[in-house]
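Biologist: I would like to go through this model and hear what stands behind each label. Please show it first.

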Amino acid sequence: MKKMTEREKNKQMNKEALMSLGLYVFFFIWWYGFAYGLGLKNPKDYKYIMGMPSWFFFSCVIGYIVISCATWFIVKKFFVEIPLDEEKR
């Protein structure tokens, strides 16, 4: 673990918080786009994938897989382990 000053820690934590917020916004747009984009049709006109309406399959099933992979990637690539205990002087 790399020694970090308080300023560096705060900068990293802010960066991680913004990335987390970005992932949440991405997932919400993904979910909303598929749920309301494909789901506004007449139910008789729905296409089904594995017994589920396509809007549900893409918004909830595929969306969950995509956001899980994206979260794993972001955490592995950009998040840093930061010691939160106070440094001894």
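**Cavity, helices and exposure**

Modeller: The largest cavity has a volume of about 40 Å³. This is a predicted model, in which local features need pLDDT of at least 70 and side-chain atom pairs pLDDT 80 or more, while totals for chains, interfaces and linings use all residues. Residues are numbered from 1 along each chain, and side-chain values use heavy atoms, without hydrogens and water.

Biologist: What makes it a cavity?

Modeller: On a 1 Å grid over the protein atoms alone, a cavity is a set of points where a 1.4 Å probe fits but cannot get out. The structure holds one cavity of 30 Å³ or more.

Biologist: Which residues line the largest cavity?

Modeller: Its lining, meaning residues with an atom within 4 Å of a point, consists of L38, K41, D45, Y46, K47, P53, S54 and W55. They divide into four nonpolar, one polar and three charged.

Biologist: What does S59 touch, not counting residues up to four places away in sequence?

Modeller: S59 touches F27, W30, W31, F34 and A35, where contact means heavy atoms within 4.5 Å. The side chain of S59 also reaches the backbone oxygen of W55 at 2.7 Å.

Biologist: Why is I29 called exposed?

Modeller: I29 has a relative accessible area of 55%, so it counts as exposed. I29 is found in helix 1, where K9, Q12, E16, L23 and A35 are buried. The buried residues of helix 1 pack against helix 2.

Biologist: What makes P83 partly exposed?

Modeller: P83 has 26% relative accessibility, and therefore counts as partly exposed. P83 lies in the segment after helix 2. The C-alpha atoms of P83 and K3 are separated by 8.6 Å, although these residues are 80 residues apart along the chain.

Conventions:
Polar contact = N/O pair within 3.5 Å; in protein donor to acceptor, adjacent residues only side chain to side chain. Buried < 20%, exposed > 50% of the residue type's maximum accessible area, 1.4 Å probe, protein only. Helix = DSSP H or I, 4+ residues; strand = E, 2+ residues; numbered from the N terminus. 1 Å grid on protein atoms, 1.4 Å probe; cavity = no way out; pocket = protein on both sides within 12 Å on 5 of 7 lines; lining within 4 Å. Points joined across faces, edges and corners; volume = space filled by probe spheres on them. Nonpolar A, V, L, I, M, F, W, Y, C, P; charged D, E, K, R; others polar.
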